[in-house]
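Please keep the sequence and the 3D view open while reading.

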Amino acid sequence: MTVRMGQLMHVYPDQYDEYERRHNNLFPEMRKALKEAGAHNYSIFLDKKTGNLFAYLEVDNIEKYNAIAGSAACKKWWAYMEPIMDTNADQSQVTLNLHEVFHLD
């Protein structure tokens, strides 16, 4: 069953271009880990007035997707992104998971 996910994050206002550049050059091992975890239809949107990011993705198996957090590729990506956005003590991005209230096919 496909799970649709929405998330909010924050990038520092002076880092918008760098954030986009880094995602346009996503580490190959991170791209592979996401695909192997069943992530697809993944987009991130930026509100340039606030630095707020909205991420939307679909995953085939939420447990498999969540396990990516323990991977070396993910930890490398977190460390790479930590200087340009809000992060937790473990360098993971501060993320607010949103609850889906409506969907139209």
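The model is predicted.

**The sheet**

Four strands make up an open sheet, and their order is E2-E3-E1-E4. The pairing in this sheet is antiparallel. Its edge strands are E2, residues 39–47, and E4, residues 96–98, each of which pairs on one side only. On average, neighbouring strands are turned by 20° against each other, with direction ignored.

How many bridges join E2 to E3? There are seven, and E3 covers residues 52–59. The two strands run antiparallel. Asp 47 is found opposite Asn 52, a residue of E3.

**A helix across the strands**

Helix H1 is formed by residues 16–24 and lies across E1 (3–10), E2 and E3. Relative to E2, helix H1 runs at about 165°.

**The aromatic rings**

The distance of the centres and the angle of the planes describe a pair of aromatic rings. The count of aromatic pairs in this model is four. Two of them are listed here.

| Aromatic pair | Centre to centre | Angle between planes | Arrangement |
|---|---|---|---|
| Phe 27 and Tyr 80 | 4.8 Å | 35° | tilted |
| Trp 77 and Tyr 80 | 5.6 Å | 55° | tilted |

Phe 27 belongs to the loop between H1 and helix H2 (28–36), while Tyr 80 belongs to helix H4 (residues 72–81), so their pair ties together parts that are 53 residues apart in sequence. Trp 77 and Tyr 80, in contrast, both lie in helix H4. They are three residues apart, which is about one turn of the helix. Phe 27, Trp 77 and Tyr 80 form one aromatic cluster.

Which of these residues are buried, and which are partly exposed? A residue counts as buried if its relative accessible area is under 20%. Phe 27 has a relative accessibility of 15%, so Phe 27 is buried. Trp 77, at 6%, is buried as well. Tyr 80 has 25% and therefore counts as partly exposed.

**Charges over the rings**

Two charged side chains are placed over rings of this cluster. Arg 22 lies over the face of Tyr 80, 4.1 Å from the ring centre. Lys 76 has its charged end over the ring of Phe 27, at 4.6 Å from the centre of that ring.

How values were computed. Residues numbered from 1 in each chain as written. Predicted model: local features only at pLDDT ≥ 70, side-chain atom pairs only at ≥ 80, totals over all residues. Heavy atoms only, no water. Pairing = 2+ DSSP bridges. Axes fitted to C-alpha atoms, helices over the stretch in contact; angles between N-to-C directions. Contact = heavy atoms within 4.5 Å. Phe/Tyr/Trp six-rings, centres within 6.5 Å; stacked < 30°, edge-to-face > 60°. Buried < 20%, exposed > 50% of the residue type's maximum accessible area, 1.4 Å probe, protein only. Lys NZ or Arg CZ within 6 Å of the ring centre and 35° of its normal.
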